[in-house]
Amino acid sequence: AWPPDRSILEFAPDGKSLVVGSTHEDKHSRVPQTTVRVLEVPSGKLLTRHKLPDDIGMRGVLLRDGKTLVASSQFEAAVLYDTTTWKRVCVLKGEEK
């Protein structure tokens with residue numbers, strides 16, 4: 001089933017926070033669930049938690065600006081999120097087959 005378990009673990013460029021994300025299949029609905037958490041370093045305090053839409057798998061990267069997360073989609077696309085608002089900024093679609 002898509003997506004297999006995936007995760008992301010990246011420090012923000014300033015080193016003051018850590019982005020932790022994971023995708024897993026919900027045991028009851030069998031629908032992929034992706035959650036991103038931002039933790040304060042070094043305390044580990046949860047700063048924010050955000051659930052991404054069901055079509056997003058957590059294979060991603062935090063850009064150097066620390067304000068943009070690029071995450072994979074099951075529909076052959078990359079989705080860019082603004083990490084201050086967690087809104088979709090842009091969807092980059094793959095090549096049509």
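Leaving aside neighbours within four places in sequence, which residues is T35 in contact with? The model is a predicted one, in which local features need pLDDT of at least 70 and side-chain atom pairs count only at pLDDT 80 or more, while totals for chains, interfaces and linings use all residues. Residues are numbered from 1 along each chain as its sequence is written, and side-chain values use heavy atoms, with hydrogens and water left out.

The protein has zero helices and eight strands, in the order β-β-β-β-β-β-β-β along the sequence. Helices (H or I, at least four residues) and strands (E, at least two) are DSSP runs numbered from the N terminus.

T35 sits in strand β3, residues 32–40. With 9% relative accessibility, T35 is buried (under 20% relative accessible area, 1.4 Å probe, protein chains only). Beyond its neighbours within four places in sequence, T35 is in contact (heavy atoms within 4.5 Å) with V20, G21, S22, R49, H50 and K51.

For the protein as a whole, 32% of the 97 residues are buried. Of contacts between residues at least 6 apart in sequence, 26% join residues at least 24 apart. The accessible surface (Shrake-Rupley method, 1.4 Å probe) is about 6,400 Å², and carbon and sulfur atoms account for 53% of that surface.

The lining of the largest pocket is made up of six nonpolar, four polar and three charged residues. Here Ala, Val, Leu, Ile, Met, Phe, Trp, Tyr, Cys and Pro count as nonpolar, Asp, Glu, Lys and Arg as charged, and the others, Gly among them, as polar.

Conventions:
Buried means under 20% relative accessible area, exposed over 50%, partly exposed in between (1.4 Å probe, protein chains only).
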